[in-house]
Amino acid sequence: MPEPSDAPAPGEPSLEEQIAAYQREFQDLDPQVEQVVSALQRLNRRMNVAYGRQTATLGMSNAEWEVLKALVVSGAPYRMGPGELAKRLGLTPAAMTHRIDRMANEGLVTRERDETNRVRVIVELTHEGREKWLEAMRMATVFEEELLQDLSGEERRVLGDALTRLLRRVEAAQPDAEGRLSDLD
């Protein structure tokens, strides 16, 4: 019987069952490769759900979290143009405008005209937005520490290095795939 943490979602086959079904239908499948890829996909999906639950307790969505994160990563004074934000998040300008409108109404960001170029709009993180980002980071840190609690420091380093190498390979092979695909938004 699988450990509770290894149990698939209701209605979802276990990794072993999924790989066995794939092998039945596609004999050229490398089960080790499929185990890594399928585990990463499931982990990513479940982590997104967990983060979504955390941000919901703060009264914001994962989508809003992504904007706050992009502004914080840009560095003080935490300002960017909406076009740059849209590109960084893989969104259309219209989708970014809708998101910024919602966040400005919630007091998480401000949107003002650039005083040096009145055509350009600047989105800036507010104090409230930064506080929400900090609280989300505190919650994420607890979740992430719990997630990795069974790995030693060396195992974390090796896993981090391996995942970074995989990420670099995907980024090199798919340089235009940094954001979301427009047909999946």
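Tutor: A polar contact is a pair of N or O atoms within 3.5 Å; within protein, one atom must be able to donate a hydrogen and the other to accept it, and residues adjacent in sequence count only if both atoms are side-chain atoms. This model is predicted, so local features need pLDDT of at least 70 and side-chain atom pairs count only at pLDDT 80 or more, while totals for chains, interfaces and linings use all residues. Residues are numbered from 1 along each chain as its sequence is written, and side-chain values use heavy atoms, leaving out hydrogens and water.

Student: What does the side chain of glutamine 54 reach?

Tutor: The side chain of glutamine 54 reaches the backbone oxygen of methionine 139 at 3.2 Å.

Student: Where is glutamine 54, and why does glutamine 54 count as buried?

Tutor: Glutamine 54 is in helix H2. Buried means under 20% relative accessible area, exposed over 50%, and partly exposed in between, with a 1.4 Å probe and protein chains only. Glutamine 54 has 16% relative accessibility, so it counts as buried. Contact means heavy atoms within 4.5 Å, and apart from neighbours within four places in sequence, glutamine 54 is in contact with Met139, Ala140 and Phe143.

Student: How many helices and strands does the protein chain have?

Tutor: The chain has seven helices and three strands. These are DSSP runs numbered from the N terminus: helices are H or I with at least four residues, strands are E with at least two. From the N terminus on, the order is α-α-α-β-α-α-β-β-α-α. Buried residues make up 25% of the 185 residues.

Student: Why are the buried residues of H6 said to line one face of the helix?

Tutor: The buried residues in H6 are Gly129, Trp133, Ala136, Ala140 and Phe143. Seen down the axis, they fall within an arc of 90°, so they line one face. The arc is that of the directions from the helix axis to the C-beta atoms. Helix H2 (31–57), helix H3 (62–74) and strand S3 (117–125) are among the elements that cover these residues.

Student: Which residues of H5 are buried?

Tutor: In H5, Met96, Arg99, Ile100 and Met103 are buried. They fall within an arc of 100° seen down the axis, so they also line one face of their helix. On the other side, Ala94, His98 and Asn105 are exposed. The cover over the buried residues of H5 includes H3, H4, S2 and S3. Glycine 107 follows H5, with a positive phi near 80°.

Student: What makes strand S1 and S3 a pair, and in what sense do they run?

Tutor: Two strands pair if DSSP finds at least two bridges between them. In S3, valine 123 is the bridge partner of methionine 80. Strand S2 (residues 109–114) also pairs with S3 in the antiparallel sense, over six bridges, and a hairpin of two residues joins S2 to S3.

Student: What makes a set of residues a nonpolar core?

Tutor: A nonpolar core is a set of buried Ala, Val, Leu, Ile, Met, Phe, Trp, Tyr and Cys residues joined through side-chain atoms within 4.5 Å. The largest one here has 22 residues, of which Val67, Leu68, Leu71, Leu85, Met96 and Val109 touch the most other members. H3, helix H4 (82–89), helix H5 (93–105), S3 and H6 each give two or more residues to this core, and H3 gives the most, with six. A second, separate core of five residues includes Met47, Ala50, Tyr51 and Phe143.

Student: Why does threonine 126 count as buried?

Tutor: Its relative accessibility is 16%, so threonine 126 counts as buried. Threonine 126 is in the loop between S3 and H6. A polar atom of its side chain lies 2.9 Å from the backbone nitrogen of glycine 129. Leaving aside neighbours within four places in sequence, threonine 126 is in contact with Gly107, Leu108, Val109 and Thr110.
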